[in-house]
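Colleague: I'd like to learn how to read a model like this one. Can we go through it together, one feature at a time?
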Amino acid sequence: MLIGLYNYWVVVALMMTGFYIVIAQGNLIKKIAGLIIFQTSVFIFYISVGKVDGATAPIVGDGFSQYSNPLPHVLILTAIVVGIATTALGLALIVRIREAYGSIEEDEIQKKDDQAC
Amino acid sequence: MLLGVYGLLSASFFVAMDAVDVAFTEASVGAGISTILMLTTIAITGRSELASHYRPTLALILVLIIGGLLIYGTMDMPYFGFAEAPANLHVSPRYIHDSMQEIGVPNLVTAVLASYRGFDTFGEVVVIFTAGVGVVVLLGLPGRRDENDAEIELINTSMHEQHLVVRIVSKVLIPFILLFAFYVQFHGDFGPGGGFQAGVIFASAIILYALLFGLSTARRIINQPLVQLLSGVGVLVYGSVGLVSMLNGGNFLDYSVLSSDPIAGQHLGILLIELGVGCTVASVMVIIFFKFADRKEALHYKPRETK
Amino acid sequence: MLAHLPILQVVLPLLAAPSCLIMRRPKLVWLFTLIVSSIAFLISVALLQQVMESGPISYELGGWEQPWGIEYRIDELSAFLLLIVSAVSTVVLLAAHTSIQAEIAEDSQMMFYVLYLLSLTGMLGIISTGDVFNVFVFLEISSLSAYALIAMGDGRRALWASYQYLIMGTIGATFILIAIGLMYQMTGTLNMEDLSRRLPDVAHTRTMYAAYVFFVVGVCLKMALFPLHLWLPNAYSYAPSIVTAFFAATSTKVALYLLIRFTFSVFDFSFSFSTLPLQPVFLVLGFLGIFVASTAAIYQKNLKHLFAYSSVAQIGYMIVGYSIATSAGLMATLLHLFNHSLMKSALFLALAAVMYRLSSVQLSCLQGMGRQMPLTMAAIVVGGASLIGVPLTIGFVSKWFLVMAAIENGLWPVAVLVLLGSLLAIVYVWRVVEVAYFMEPMPGKDPVKEAPWSILVPVWLLVAANVYFGVDTRLSVQIAQAAADSLFGVSP
Amino acid sequence: MLIIATIAILVVMFMAILRGNIGPTFYDRILAVNMFGTKTVLLICLLGFVMGRPEFLDIAMVYALISFISVIAVLHYVDSFNAKHDAHDVQHGEEDR
Amino acid sequence: MDTFISLVSGLCLLSGCVLAISSGIGLLRFPDFYTRMHAVGVSDTLVTALILIGLMLQLPDGIVVTKLVIILLMTLFINPTASHALAKAAIQSGLVPILNKEDEGKGEDTPSKT
């Protein structure tokens, strides 16, 4: 029972690492990095779902009868694109924030905002 | 940096999991594009980190709760790699068994991606397009060129003279990369690959060029407004394939009606939409890179704004 | 062509967005966007009519039948939501040109409309799709464009707000993605209808509980339900006024739609409410949201902030109605959803007018405006009355139904608390009225003119709708009733 | 044989990660990552053979290209970063993200 | 003949592995950046070549071998180039190699460009 699920547990651990970085980090870029890790581990989770023991990659070829499930792959392809889109936008925002605030630390930005109030 | 490793690592994991196409994409995205973007951002914002301040306890508790919930959720999951799991029994068998007759594309992922779930892919193209527009909005519009182009170039050449060997090697490599991109684009039906991957590879060739020969040189070759237009054209191509199939009496994105023979129609449709995808992705990636790089270059001249 | 309406609804604005890039002049693009949006509105009217007459419409994309391909499925609920979103978008767009001219630099205006269309597409796509993964994709389209739109707002705070929204929104979306993955793993399908057929078999596995919780948390992040609302006030306040008016009326509503859709059509209704302790949790959160956010609203100095907090409070009302978990309660929620988008878009659009003349929405700037901008201020007053729930406005109607639904179920405290919440609304709305009408204009300040017609007309259109649907409730109640009934499986 | 090779490559990859982690200078890290990249290419080739699907070679090719581009990009930015920082007289970032 | 080929291929793979591991050890154990660079840069290319050739011999099938050759060529181009660029960048940034314990400090202490 433990062996059968270990893969998922590793994924969960990775996911939580990423998630932890997102919420605990004060540095904006690191937050985005955490977000990427978080998302990528979700992708790994999906792909694990589609894996079938003894099967091969879902490209029809001679001499193979069992293929892994192609659907999760498709979903993850889309999700990867979404991920990179989010990353690009987030980083662009960081560049602007840096220009406007002169800092990329969450606390400092908050402080500057409070002062302005 | 380490993130790039993570990208590579997860990609090799995907290979082990039979997800060739995903590995392909993750390789080019995780290790390539997002690393480059990260680096550019770091270069712009500066790497000097202040003493990092964590707020660990609360975050840790939250993470533990959520992680615990997930572990709890895994308890009833079918085992990893279990062929009889519901996920592998319900919808996907049709993709595996019938798609050769229905679509005739050996790469099942391409078949599902482009035809069965073509609309998702359309959405994906639009997401990328949105990101491109968003980055353009955030980081300035094309045409706003710095006056001191010549000066920038001076710096650039001085910077790149050092890497003479790299430049020559890359010069040889770039045409091959472009060729390879086309191979990936059109070979996607048979092997791993497809529009998205091809687009990314194509864009990375251009990025390589820009890195080594300076932005202004690259800018001379690549007309930014045109590239921007191209990103829209890709979406339009995809959409109009859908509309044409609608006019031909099918449903939106039903490629079977594009030609008298359904299989040929499917092939045509997949080819066209992959082209659209490739077009949009390549141009958006190039745009995004240029926007970031422009910002960075501008930073070299203006003293840092202190507010 | 009539059969293709469900997809045209989404694809039209989608294809219009890149086409905008070809047109270079902002005015032209604006006109084009307006036309596209109004066509979308007309289509949604036609769809609603069709659905009310002949039941749900299903449209198979790519010609693949449903668990294999992606299906578009329009039922009463989604048709209702489509109508709201496209209507608000069209009316808001009417005012967009003037307001945007004042708030956004000339050369980004074109991009503004592109993003606006994309965001509209995303919302319409979420509402009409019948495929859970497609929901995720369109959710991301709408959120990505939302981040960019918000960042276009004034000053650096907009950037920061947008960044916070991006982080929160992405976490939310990823949670939803995890939930979808778990559901797929247990059932092997992504189609909503198919899911609802296959879920009962596995409903009592721990995986399903986890999936449901992840989904709810993810959606609540997007919806800005009380403890997760932190991104909303800033995002609304610093975005361009037009964007605020559009989002306040639509984006949280779309998230609420997702919650309703998943609780009632995808998961079994009894699963959501009897197996998991969702009802008390939502009731408590809803009321906490109402009271905390309303109290916060009272102390705000910035009008946009004030109304943004009030939005959080209003979401609390909707959640309360939702968690009553009867057809009547749900109907009240839907009605409030409709009404709230009308009043919030009216209010924020009126603020756009204020912004246009005063280039500030600080409460103190409003002194004496009751005389200088009578029409705008009157609109704000009517909208505020609606928020409170004064009779003859739509706010009254939905609160009435909410209270009735609560009493019907013997939940007296709920009814009382709803009324108490309205008292708080009186306080914050009164502050605005007081400043605008009973304070002398600041000395030494030039008097300003009334807002231009191009903004006033849409504002008053919305205000008129506010009053009209407050008096003549037949139409909205009928549709909301039909939608709620169909979700509960009662044949109308 | 193939399996042994795969395991050996994995071990080397692990070593590269270690070096990347302790690394003392920035360049050590790049070096480690570069090595990691080339090893991944090999790993994918080997995996393709182990699984009997030589189609995987396409991915290996992409990998080789991408890791090259990454290293170039890193160097490029490190260059410019150093140039900028020397001007501002800020310490060399010994630490890396 | 077949056994011979497989023997050769096995030999290639095995020596590739040994080299790879030794380069890994070098990467970990050598004292400074340049020596590490040496360990990796030199052996890496050879390792790749050996393993790829070993693989080519395993499955003498037209397209596969072509692809492997392409990969091989690419690594042959790319690896030394990357190492070169890396070393050059390191020198330029003012990282001093430990040439000799006594020599230290006197080395190419190039002040980085300003």
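Predicted model: local features only at pLDDT ≥ 70, side-chain atom pairs only at ≥ 80, totals over all residues.

Colleague: Then among contacts in chain C between residues at least 6 apart in sequence, what share joins residues at least 24 apart?

Modeller: In chain C that share is 79%. For chain B the figure is 71%, and for chain E it is 56%.

Colleague: Where in chain C is confidence lowest, and where is it highest?

Modeller: The score to look at is pLDDT, the predictor's confidence in each residue, from 0 to 100. Chain C has a mean pLDDT of 84, with 97% of its residues at 70 or more. The lowest stretch is helix 11 of chain C (residues 269-275), with a mean of 68. The highest is helix 5 of chain C (residues 132-151), at 90.

Colleague: How many helices and strands does chain C have?

Modeller: Helices (H or I, at least four residues) and strands (E, at least two) are DSSP runs, numbered from the N terminus. Chain C has 20 helices and 2 strands. In chain B you'll find 13 helices and 0 strands, and in chain E 3 helices and 0 strands. Read from the N terminus, chain E simply goes α-α-α.

Colleague: What do the strands of chain C do with each other?

Modeller: Two strands pair if DSSP finds at least two bridges between them. Here, strand 1 (residues 57-60) and strand 2 of chain C run antiparallel, joined by 4 bridges. One bridge partner of C:Ile57 to look for is C:Ile74, in strand 2 of chain C.

Colleague: Which way do the residues of strand 2 of chain C point, and are they buried or exposed?

Modeller: A residue is buried if 20 or more other C-beta atoms lie within 10 Å of its own, exposed if 12 or fewer, and partly exposed in between, with C-beta atoms placed from the backbone. In strand 2 of chain C (residues 71-74), C:Glu71 and C:Arg73 point one way, C:Tyr72 and C:Ile74 point the other way, and all are buried. Across whole chains, buried residues make up 68% of the 492 residues in chain C, 59% of the 307 in chain B and 38% of the 114 in chain E.

Colleague: How compact is chain C for its length?

Modeller: Here we use the radius of gyration, taken over C-alpha atoms, and a globule rule of 2.2 Å times the number of residues to the power 0.38. Chain C, with its 20 helices and 2 strands, has a radius of gyration of 21 Å, close to the 23 Å that the rule gives for 492 residues, so it is as compact as a globular protein of that length. Along its principal axes, the C-alpha trace of chain C spans about 75 × 55 × 40 Å.

Colleague: Which residues does C:Arg206 touch?

Modeller: Leaving out residues up to four places away in sequence, C:Arg206 touches B:Tyr72, B:Gly73, B:Met75 and B:Asp76. C:Arg206 lies in helix 8 of chain C and is partly exposed, because it has 15 C-beta neighbours inside 10 Å.

Colleague: How many residues does the contact take from chain B and chain A?

Modeller: The contact takes 76 residues from chain B and 64 from chain A. Helix 2 of chain B gives the most to the side that touches chain A, with 15 residues.

Note on methods:
Residues numbered from 1 in each chain as written. Chains lettered and ligands numbered in written order. Contact = placed C-beta atoms within 7 Å.
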